[in-house]
Amino acid sequence: VVRWIGAKRHIIAYADDNKNIYNLSTTQPDTNFAAAPSATYTTRGSKSAMLGVFQDFCPMIQRMLNHVPEGEVCEWKLRVHAPLPTWVHKTVALVGDACHPTLPHLAQGAAQAIEDAAAIAASLSRLPDTQPSTINKALRVYEKIRKDRAYALVEMAAASGRTLHLGDGAAKEERDKQFAALKQGNGKVPDKWADADVQKLIYGFDTTKETLENFDNIFNGLEEQVINGVNGH
Ligand SMILES: Cc1cc2nc3c(=O)[nH]c(=O)nc-3n(C[C@H](O)[C@H](O)[C@H](O)COP(=O)(O)OP(=O)(O)OC[C@H]3O[C@@H](n4cnc5c(N)ncnc54)[C@H](O)[C@@H]3O)c2cc1C
């Protein structure tokens, strides 16, 4: 994985599909979505607009971006969202981007959706019965296990993006000093994705185990909600 980072812009590049695809993922201030805020969240982008965004990056980047086939530029709308008060309504639960969309700077969007699935599977595996109110409680166990962790990572990804995309000024100089110190092997890691402690926090967590170990405690502490309607829907 190779990354190039500048003020408000960022390129991450890596081979995929057994080296059959070379993927270039970039972030930059958008103009398309900002001009049409209610448009769908993904759209076809323009190669010439992309080249314009990175025109002041080094010549190697220009050559690399010029290799992108015409018509293969896609754009996604990336936004920071306020946390939702709840992820569960009766016997329905939100998962993945529907409840914790994230900026991409920790590469955790899909990973956190998979943790949601693991927590739901573990929670439902411990259902004492299949009454709608019991399912609702089990889903609230899922929410309890996942919410703080997911939102902490969403916030960390946004914070890391802010640090990486700093423009000229004292904060950027301080960040660059930290990057320089890191090359000597010490100090804080401004890029949280590359921070060993953060990687341990992300990848050292067993969601299934956490859910199974805490299920009884959380489940028994939750008040039962009356679920009306056919089958609780
Ligand atoms: C450029 C980019 C790079 C990324 N890189 C990474 C990475 O390295 N690692 C990582 O973990 N994550 C990454 N992500 C994030 C990841 O792709 C998302 O977090 C993940 O796809 C979310 O999964 P989801 O199932 O919640 O939502 P989605 O993948 O958005 O799935 C929702 C599905 O619902 C469908 N849908 C919408 N409305 C309806 C409807 N009314 N009826 C029926 N179907 C509907 C949509 O078409 C879609 O298929 C990246 C995202 C982007 C944009």
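1. Of the 233 residues of the protein, 35% count as buried, where buried means under 20% relative accessible area, exposed means over 50%, and partly exposed lies in between (1.4 Å probe, protein chains only). The structure is a predicted model, in which local features need pLDDT of at least 70 and side-chain atom pairs count only at pLDDT 80 or more, while totals for chains, interfaces and linings use all residues. Residues are numbered from 1 along each chain as its sequence is written, and side-chain values use heavy atoms, with hydrogens and water left out.

2. The protein has 8 helices and 7 strands; helices (H or I, at least four residues) and strands (E, at least two) are DSSP runs numbered from the N terminus. The C-alpha trace spans about 65 × 45 × 40 Å along its principal axes. Among the contacts in the protein with a separation of 6 or more, 67% come from residues 24 or more positions apart, contact meaning heavy atoms within 4.5 Å.

3. An open sheet of 3 strands is ordered E1-E2-E3, and its pairing is antiparallel; two strands pair if DSSP finds at least two bridges between them. Strand E1 (2–6) and strand E3 (21–27) stand at the edges with a single partner strand each, so one side of each has no neighbour in the sheet. On average, neighbouring strands of this sheet are turned by 10° against each other, direction ignored. In a regular strand, side chains alternate between the two faces of the sheet.

4. The pairing of E1 with E2 is antiparallel and comprises 5 bridges, with Val2 opposite Ala13 in E2. These two strands form a hairpin with 2 residues between them, and Lys8 in the turn has a positive phi of about 60°. Strand E2 (residues 9–16) is joined to E3 by 7 bridges, again in antiparallel fashion. Ile12 stands opposite Ser25 in E3.

5. Two further residues deserve a check of their backbone angles. Most residues other than glycine have a negative phi. Asn18, however, has a positive phi near 55°; Asn18 is found in the loop between E2 and E3 and is exposed, with a relative accessible area of 72%. Lys90 likewise has a positive phi, near 50°. Lys90 lies in the loop between strand E6 (88–89) and strand E7 (92–93) and counts as partly exposed at 27% relative accessibility.

6. Helices H4 and H5 pack with their axes 8 Å apart, at an angle of about 160°. Axes are lines fitted to C-alpha atoms, for helices over the stretch in contact, and angles run from 0 to 180 degrees between N-to-C directions. The crossing of H4 past H5 is right-handed; a crossing is right-handed if the near helix is turned clockwise from the far one by less than a right angle, and left-handed if anticlockwise.

7. On the H4 side of this contact stand Gln112, Glu115, Asp116, Ala119, Ile120, Ser123 and Leu124, which meet Ala138, Leu139, Val141, Tyr142, Ile145, Arg146, Arg149, Ala150 and Leu153 in H5. By class, the residues of the H4 contact with H5 are 10 nonpolar, 2 polar and 4 charged. Here Ala, Val, Leu, Ile, Met, Phe, Trp, Tyr, Cys and Pro count as nonpolar, Asp, Glu, Lys and Arg as charged, and the others, Gly among them, as polar.

8. Helix H5 (residues 132–164) also meets helix H7 (residues 196–203): their axes come within 12 Å and cross at roughly 150°. H5 and H7 are therefore roughly antiparallel to each other, and their crossing is left-handed. The contact involves Arg149, Leu153 and Met156 of H5 and Val198, Leu201 and Ile202 of H7. The contact of H5 with H7 has 5 nonpolar, no polar and 1 charged residues.

9. Ser133 lies in helix H5 and counts as buried at 13% relative accessibility. Leaving aside neighbours within four places in sequence, Ser133 is in contact with Glu224, Gln225 and Ile227. The C-alpha atoms of Ser133 and Glu223, 90 residues apart along the chain, are separated by 9.9 Å.

10. Ala117 lies in helix H4 (residues 109–125) and counts as partly exposed at 44% relative accessibility. Its C-alpha atom and that of Ala13, 104 residues apart along the chain, are separated by 28 Å.

How values were computed:
Angles under 35 degrees count as roughly parallel, over 145 as roughly antiparallel, 65 to 115 as roughly perpendicular and the rest as oblique.
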